[in-house]
Amino acid sequence: MSFLVGENMTCGYGKSCIIHDCTITADLGEIVVVVGPNGAGKSTAMKAIFGMLSLVRGKILLNETDISELKPQERVLCGMGFVPQTSNIFASMTVEENLEMGAFIREDDVSETLQQVFELFPILRDKRYQLAGELSGGQRQQVAVGRALMTEPKVLILDEPTAGVSPIVMDDLFERITEVARSGIAVLMVEQNAKQALSIADKGYVLVQGRNAYSDTGEALMANEEVRRTFLGG
Amino acid sequence: MDDFLNASVIIANFILIPGLAYGSQLALGALGVTLVFSVLRFSNIAHGETMAAGAMFTLLFTWWFKSMSISIEPFPTAILALPFATVLAACLCLITDVSIYRYYRKVKAEPAIYIIVSVGVMFVYSGFIRFLIGPNDRQMSDGQRFLFKAREFKNLTGLNEGLAIKTSQVISISSAFVAVGVLFWFLKHTRTGKSMRAFSDNEDLALLSGINPERVVLVCWIITAILATLAGSLYGLDKSFRPFVFMQLLLPIFAAAIVGGFGNPVGAIVGGFIIAFSELFVTFAYKRVLTYILPESLAPNSLTQFLSTDYKIAVSFVILVLVLLIKPKGIFSQENS
C-alpha cells in the first residue's frame, strides 16, 4: 500500500460535490502530478487530502493510519506540508521569518532544517533579511515551498507551484521539486503546465469532472494518444 | 534677541511640551486600535471606553493605596496602581472577548457587524464605568505636580516668560517611549510576536503553519489592554479623569490611526503626534508670541487664534477628511490614490 492514499474521495463545497470517487496515491520519494482541464477538481482534491474540506465519502490514509478526521494543523504534525496556490507567503515578513513561521509547530531546534532549505534554495539565503513580499514570483514560490519544508514533512502537497512564473523559472522550480522528492519526500502536485510536469512525474493522474479519467506513469500518460490529444494539445 | 527667546519659550511651554505629552497619549491609544484592527480585523469603537475603564481601575487602586497611605513620592501614586489596573483591564477585555467577540469570530462575521458589536460593547463599558465610579470629574495626580516650575525657569534665565514641565508630561512621554520600544521589540524578536504578525499578514497560512489563533487573540487583547490602560491613565494624570472625555477622544485616536495608515503601528505613532500638534497649533492664541516678535505698531489686538479651543475635536476631523481624500491609505502607504 502507498504511503499516502486518498481513497474514493467524494467531496465539495456546500451540498454540491466537486470530486467523485477520486483515488490518488503517492509513495515516498515519488513525484505525483495531477493534471486535467480547468474546473476538474484538482485543487479540491488537494484540499480534501489536506483536510481543508471534509469528505462526504472515502478516506485518507497516511502510512496506513486513517487521518480522515484530523484537522489540517494536526495533519501538519503527522508529517504533511501544504503550499496553497495563492497567498502562500507572509508578504510583510522577511524570508527568514517566513521559514521560522513554517516551523512554528516544532518545539525542537530548527536551525539545521533552515540550513537544508537554504542549501536547496540558495537564493533564499542571500535574501533572508528581505521582505518576502518584495521578491519576484519565482522566488516567492521558493519561499512558499521552503516554508512548507520547515516542518520536515513526509508528504508535500503543492497546488500549482508554477502558476504565473516564466518558463525558465518554471524549469528551475521543477528541478528543485525533483530534488525535494529525491530526498525521500512524497511530492503531490497539481499543475497547469501538464507536459513539463508529467515529464518529471513518476506517476500522473488525469482528472475530468472530478473523476479519475486516466492514471499511469508520467511517461505512459505522455505517450497515450488520447490523453495527448485531449489534454496536452497534440 | 530676548524677545525671540521669550516667544520661543511660550511656544515650547504651550505647544511643544503639551503636544509631546498629548501626542504620546494619542499614539498609545492609536496603537491599541491598530493592533486590534490588524489581528482581529475590526475597528474597535469600544477602545475609548477601554481606556476609560483602564484609567478608572488606576484611579480605584490609587484611592486604595492612598487609604493605606502607600505612596511613591515624588511620583504620582497612579504609577504604582498602573500594573494592577492593567491586570483588571486585561481581564475585562478577555471576558468581553470570550463572551462576545468569540462568537462573531466563529461565525466569521462581516467587519460591519463587528463594528456594531463594538459600539454595543462601548455602551456597556461606559455604563459600567458610570455605575462604578460615577460621571464626575476626578483628580488622578498627586505627588509632586511640577518637575520644573515656571517661576524657577524665569529666575534661572531672567526671561519674562516661564517654562513649566509637569511631572505627568514627563511620565507620559517617557512611558510612551518605553511602551512603544517594548512593543516593537516584542513584535520583531519574540516567537509570539512574530506569530501575531504572521496571523495578521495571512490568517490561512498562519493556521496551516500551526499558529493557534485563540492564543494570538488572547495575547492581542492583553497588549491592547496594557496600551489602553496606559493611554487612559496618562491622559487622566495629565488632565483629569472624566468618563465622558474618552468617548470624545475616540475621534482623534481613530484619526491618528487612519492618518498613519490603518494597521501600520509606526503610522499610528506618527499620526498621534500629527493630530496632537495640529490641534494645539490651530487652537493656540498667538497674541503674546506675536507681541514679542513683531514691531509694536504691528502687534495684534485680538487673540490671533485660528480656531476657538471648543473646535479642538474638529481639527482631527478635518485632518481625517483631508487624508482620506488625498491619501486614503494613510501617509505611509506606497501607492497613491
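In what order do the strands of the open sheet of chain A follow one another? The legends below take up this sheet, a helix across it and the contact between two chains.

This is a predicted model, in which local features need pLDDT of at least 70 and side-chain atom pairs count only at pLDDT 80 or more, while totals for chains, interfaces and linings use all residues. Residues are numbered from 1 along each chain as its sequence is written, and chains are lettered from A and ligands numbered from 1 in the order in which they are written.

**View 1. The open sheet of chain A.** Its 6 strands have the order S6-S7-S8-S3-S9-S10, with mixed pairing (strands are DSSP runs of E, at least two residues, and helices runs of H or I, at least four, numbered from the N terminus; two strands pair if DSSP finds at least two bridges between them). Strand S6 (80-83) and strand S10 (211-216) of chain A are the edge strands, each pairing on one side only.

**View 2. Strands S3 and S8 of chain A.** Strand S3 (residues 31-35) and strand S8 (residues 186-190) of chain A run parallel and are joined by 4 bridges. A:Val34 has A:Val190 in S8(A) as its bridge partner.

**View 3. The contact between chains A and B.** Chain A contributes 16 residues and chain B 12 residues, where residues are in contact if their C-beta atoms, placed from the backbone, lie within 7 Å. On the side of chain B that touches chain A, helix H7 (191-201) and helix H8 (203-208) of chain B each supply at least two residues, and H7(B) gives the most, with 5 residues.

Note on methods. Two residues are in contact if their C-beta atoms, placed from the backbone, lie within 7 Å.
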